[in-house]
Amino acid sequence: MSSRLHGLVQTEWRWLIAIYLFLAGAGGGAYITAVTADFLGWTKLAEIGICLSWPLVLVGCLCLLGDLGNIVNAWRVARKPDTSWIARGSVIISIFMILSFIHMTLWIWPGTMAGADSTTARHVVGVIGAVFAFATMVYTGLLLGDAIPFPFWSTVQLPILFFLSALSTGVMAVTLIGVIAGAEEAQLLTLARVDILLIAAEALVLAAYLHGSYRIPISRMSAEHVLVGDVARMFWLGVVVCGLAIPLLIEALELHVALSALASILGLIGGLCLRYVVLAGGAAYPITAAGFTFRPVTRPKDPMPAMGKLPPS
């Protein structure tokens, strides 16, 4: 397996980009969880989610900046929103961060919580912010799908998978801090029940994604790399067991609210592993011409695909 994939698997986008995709998604998921909790009157959980979302996305963006190397490279990839999903994403995330920061100040700034006008303003900002949070969560999958030379990423199922994972990890992040902060047990158990549905849906989409990738010849190498190749251990242990199976079992049994914290920790680890596995599984489909094999290589430092030349096959 490794010999077949040598020189074809991309190596540019790894942990820093995986962390960026994970934190951006979890931040958006935490925000939507918080806005929903606010409308339900779950004040503590709403405050936790709002105060989590902005820092999570900020740290994720710093990871992206660290991978790009400097502000100049960041400006290069952000200046063409008409042709690049990296550029479109930078606009979406920037607006979301502004709205989430404003929303956060409505919770923590002295005096802003008083009165009906403040509640109305908070709800209005929350609804608008939730739209951009949703766009942020979906964008993380569209970003990879924009890298056309990698068929493993160019599928409609990937944005759906990343959205479900982002919403689930957002719920888990809020649940984890909620358990630590002493939020109401009934509310935490309700979040756990919602997360059961999200995990189940995520597992189904993940299975369909890998099955579909394996059936298509141009993406089969990537599916094999994930299922039985170099990243198979992280996939089966990190994603399937740690990120899906154990959290689903814990939340379904409802043994003790404190175990929800354990399920959340494992689920968050699994969410990060999922991003890394998808990135590490990206293998370019080789193009053979005139006795030479060419492979496309996409770099976050350069949003336009480049062609790399391999030795004759």
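Guide: Begin with the surface. The accessible surface of the chain comes to about 13,700 Å². Carbon and sulfur atoms account for 71% of that area. Accessible areas come from the Shrake-Rupley method with a 1.4 Å probe, and for residues only the protein chains shown count as cover.

A word on the source. This is a predicted model, so local features need pLDDT of at least 70 and side-chain atom pairs count only at pLDDT 80 or more, while totals for chains, interfaces and linings use all residues. Residues are numbered from 1 along each chain as its sequence is written, and side-chain values use heavy atoms, with hydrogens and water left out.

Now the burial. Of the 313 residues of the chain, 52% count as buried. Buried means under 20% relative accessible area, exposed means over 50%, and partly exposed is in between (1.4 Å probe, protein chains only).

The chain has eleven helices and three strands. From the N terminus on, the order is α-α-α-α-α-α-α-α-α-α-α-β-β-β. These elements are DSSP runs numbered from the N terminus: helices are H or I with at least four residues, strands are E with at least two. Among contacts with a separation of 6 or more, 75% join residues 24 or more positions apart. A contact is a pair of heavy atoms within 4.5 Å.

Start the pairs with charge. Side chains of opposite charge can pair when their charged atoms come close. A salt bridge needs a side-chain nitrogen of Lys or Arg within 4 Å of a carboxyl oxygen of Asp or Glu. By that rule the count is one salt bridge. R122 and D38 form it, with their closest N and O atoms 2.8 Å apart. R122 sits in helix α6 (residues 116-145) and D38 in helix α2, so the bridge ties together parts 84 residues apart in sequence. Both R122 and D38 are buried.

T36 is in helix α2. T36 is partly exposed, at 43% relative accessibility. The C-alpha atoms of T36 and H123 are 9.9 Å apart, across 87 residues of chain. A121 belongs to helix α6. At 33% relative accessibility, A121 is partly exposed. Its C-alpha atom lies 8.6 Å from that of L106, which is 15 residues away along the chain.

Then the rings. A search of the whole structure finds six aromatic pairs. One of them joins W15 and Y276, stacked, at 4.1 Å centre to centre with 15° between the planes. W15 lies in helix α2 (residues 15-40) and Y276 in helix α11 (residues 257-280), so this pair links parts 261 residues apart in sequence. Rings of Phe, Tyr and Trp (its six-membered ring) pair if their centres lie within 6.5 Å; planes under 30 degrees apart are stacked, over 60 edge-to-face, and the rest tilted. W15 is partly exposed at 37% relative accessibility, whereas Y276 is buried at 11%.

Two arginines sit over ring faces. R275 lies over F162, at 4.9 Å from the ring centre. R220 lies over Y214, at 5.2 Å from the ring centre. The rule asks for NZ of Lys or CZ of Arg within 6 Å of the ring centre and within 35 degrees of the ring normal.

L249, L253, L255, L259 and L262 make a nonpolar surface patch of about 460 Å². Patch residues have over 30% relative accessible area and no salt bridge; like charges are joined within 9 Å, and nonpolar side chains (Val, Leu, Ile, Met, Phe, Trp, Tyr) within 5 Å. Helices α10 (232-253) and α11 each supply at least two residues of the patch. L249 is in helix α10. L249 is exposed, with a relative accessible area of 52%.

A232 is also in helix α10. A232 is buried, at 9% relative accessible area. Beyond its neighbours within four places in sequence, A232 contacts H225, V226 and L227.

One more buried side chain. S168 lies in helix α7 (residues 157-181). S168 is buried, at 2% relative accessibility. Leaving out residues up to four places away in sequence, S168 touches D195, L198, I199 and E202.
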